[in-house]
Amino acid sequence: MKKVFSIILIVFIFATVCVGVCAYESNEPNTIKIYLNGKLVDTKDTNAMLINGRTMVPARAVFEAMGCKVNWNATIQTVQVSGTFDGVALKIGNKTMSKVKRYEQDNVIPVEMEVPAQIDENNRTLIPLRAVAEALDAVVITNNEDWNKGNRNIYIESQYDTVEDDKERGIVKVSKNEEYWYVDYAKTAVTKKYDFIGNIDELGRVKVGTDTAGKLKYGYINMNNLSNFPIKPFIPCQYDSIEPIDGGFACFSGTEYSKLSDSGATDLNSRIIYQEITPFVNGKAIAKNSEGKYGYIDTFGNEVVKFEYDEFRAFCNGFAFAKKDNTYFSINNEDATIVELKYDEIKIIDDNTAIVVKSENSQKSYHIINAENKTIANFDDSLTSNEEKLDDTQVKVTYILSDGRKVAFTYTVDNVPSKGIAQVTTNADGAVKYIDVYGNNGIVTE
């Protein structure tokens, strides 16, 4: 198709040959900057320049940044710029540019320009920025006041942020400002705009999502019949998760799991209502069943880890703490590997921090591990500390850090620990904190 597209442009150029190369006047170098969708375009070793009052740019550097294909035909001295929807051809020295729309390739549109394409002293092809960009449906913006002050910035806003051409179906997935939809080659909307659009699967179905109160809800549309625009979802966007399975779809909405048929009808016998369910991470979620036990499920509704745990903490960096019959475990999110945590004592502080006690030769040592069962800190009982009795029931213990700062803890008089404190970094915000062997947070002062 693109070959035909190019041939038509070349034929038109032969029919409208204008002999001669226009001389150009270079302006001050390195002053004109081109921005595409807010990002500075690198024009390589050829600067944009003013020629007869028009900004001329290196064809390949600027328009390849816009996602176009740029071809040079030395035989007929013609540069072709081909976008997904439209293409143009410019002959050196000819003030008439040829434009062809992809959906009507037999209709070549002549576009008059004030300055023709030309070749500079470095043998680089320069073409008029505004004329070509606007022919490809981009918007070119300059600020005259800034320009006159010497701030020569030109801003190009392309019609779409991203473009994915589906040549088999003759449609294009496009996006703008984080909205996604399909259009045909005439840029007519095939679907409505969504906050998420997946890829078309082998059955012609596409997963789509809309933002509902700050949370994506998913459904499906069918791209097999493109005769009625815009295509509407055959499964409404109302599910927190939806995945294709044999014979239909597996869906989660809130704490409810259900199966849908290929047509989107709900199988009422498949419904499972959990007491709790976390958001899916890497295709898996923690759930609590009707018996109050925690397990691990995937987006297809399969039980990845059995529902037999009394406690299941949230995943941090791919691992989570779980507890069953007073025994703690570390569970890997990626492959659901379960490792028993073998310590004399374990106290879970948060989702990624636990204090553990080991015994060797009748001596106890205190450590801090993360959910991956890796030691991340040890308790330091060598710090200088001071005790201050607050009243008959409370004691304040202050530790002096190596940098002179102080960390204070308050205890009852019969419950003062003797194993020092440890420095840890919280998983949530990366803040450094100091804890004692009970898991209490100390108050840091200068």
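Biologist: Let's start in β35: which residue there does Val356 stand opposite?
Modeller: Val356 faces His367 of β35. One thing to keep in mind as we go: this is a predicted model.

Biologist: Noted. How many bridges join β34 to β35, and how do the two strands run?
Modeller: There are 7 bridges between β34, residues 353-360, and β35, residues 363-369. The two strands run antiparallel.

Biologist: And in what order do the strands of that sheet come?
Modeller: The order is β33-β34-β35-β36, 4 strands in an open sheet with antiparallel pairing. β33 (345-350) and β36 (375-378) each have a single partner strand, so one side of each is left without a neighbour in the sheet. On average, neighbouring strands here are turned by 30° against each other, ignoring direction.

Biologist: Nice. Stepping back, how many helices and strands does the protein chain have?
Modeller: The count is 4 helices and 42 strands.

Biologist: What about the radius of gyration of the chain?
Modeller: The protein chain has 33 Å, whereas a compact globule of 446 residues would come out near 22 Å. Along the principal axes, the C-alpha trace spans about 100 × 65 × 40 Å.

Biologist: And what percentage of the residues is buried?
Modeller: Buried residues account for 44% of the 446.

Biologist: Now the second largest pocket: what is its volume, and which residues lie nearest its centre?
Modeller: The volume is about 350 Å³. Of the 17 lining residues, Gly53, Arg54, Thr55, Arg130 and Ala131 lie nearest the centre.

Biologist: Which elements supply at least two residues of the lining there?
Modeller: β4 (54-58), α3 (129-135), β12 (139-142) and α4 (144-148) each do. The largest share, 4 residues, comes from α3.

Biologist: How do the residues of this second lining divide by type?
Modeller: The lining of the second largest pocket has 9 nonpolar, 4 polar and 4 charged residues.

Biologist: You mentioned β12. How many bridges join it to β13?
Modeller: 4 bridges join β12 to β13, and these strands run antiparallel. Within that pairing, Val139 stands opposite Glu157 of β13.

Biologist: In what sense do β1 and β13 pair?
Modeller: They pair in the parallel sense: β1, residues 33-36, is linked to β13 over 4 bridges. Leu36 has Ile156 as its bridge partner in β13.

Biologist: Let's check the backbone. Which phi value does Asn37 have?
Modeller: Asn37 has a positive phi of about 50°, although it is not a glycine. Most residues other than glycine have a negative phi. Asn37 is in the loop between β1 and β2 (39-40), and at 28% relative accessibility it counts as partly exposed.

Biologist: And what is phi for Ala336?
Modeller: Phi of Ala336 is near 60°, also a positive value in a residue other than glycine. Ala336 is in the loop between β31 (327-332) and β32 (338-340).

Biologist: Why does Ala336 count as buried?
Modeller: Because its relative accessibility is 14%, and buried means under 20%.

Biologist: Last one: where is Gln77?
Modeller: Gln77 is in the loop between β5 (69-73) and β6 (78-82). At 30% relative accessibility, Gln77 counts as partly exposed.

Biologist: How far is its C-alpha atom from that of Asp195?
Modeller: The C-alpha atoms of Gln77 and Asp195 are separated by 44 Å, and the two residues are 118 residues apart along the chain.

How values were computed. Residues numbered from 1 in each chain as written. Predicted model: local features only at pLDDT ≥ 70, side-chain atom pairs only at ≥ 80, totals over all residues. Heavy atoms only, no water. Pairing = 2+ DSSP bridges. Axes fitted to C-alpha atoms, helices over the stretch in contact; angles between N-to-C directions. 1 Å grid on protein atoms, 1.4 Å probe; cavity = no way out; pocket = protein on both sides within 12 Å on 5 of 7 lines; lining within 4 Å. Points joined across faces, edges and corners; volume = space filled by probe spheres on them. Nonpolar A, V, L, I, M, F, W, Y, C, P; charged D, E, K, R; others polar. Rg over C-alpha atoms; globule rule 2.2 N^0.38 Å. Buried < 20%, exposed > 50% of the residue type's maximum accessible area, 1.4 Å probe, protein only.
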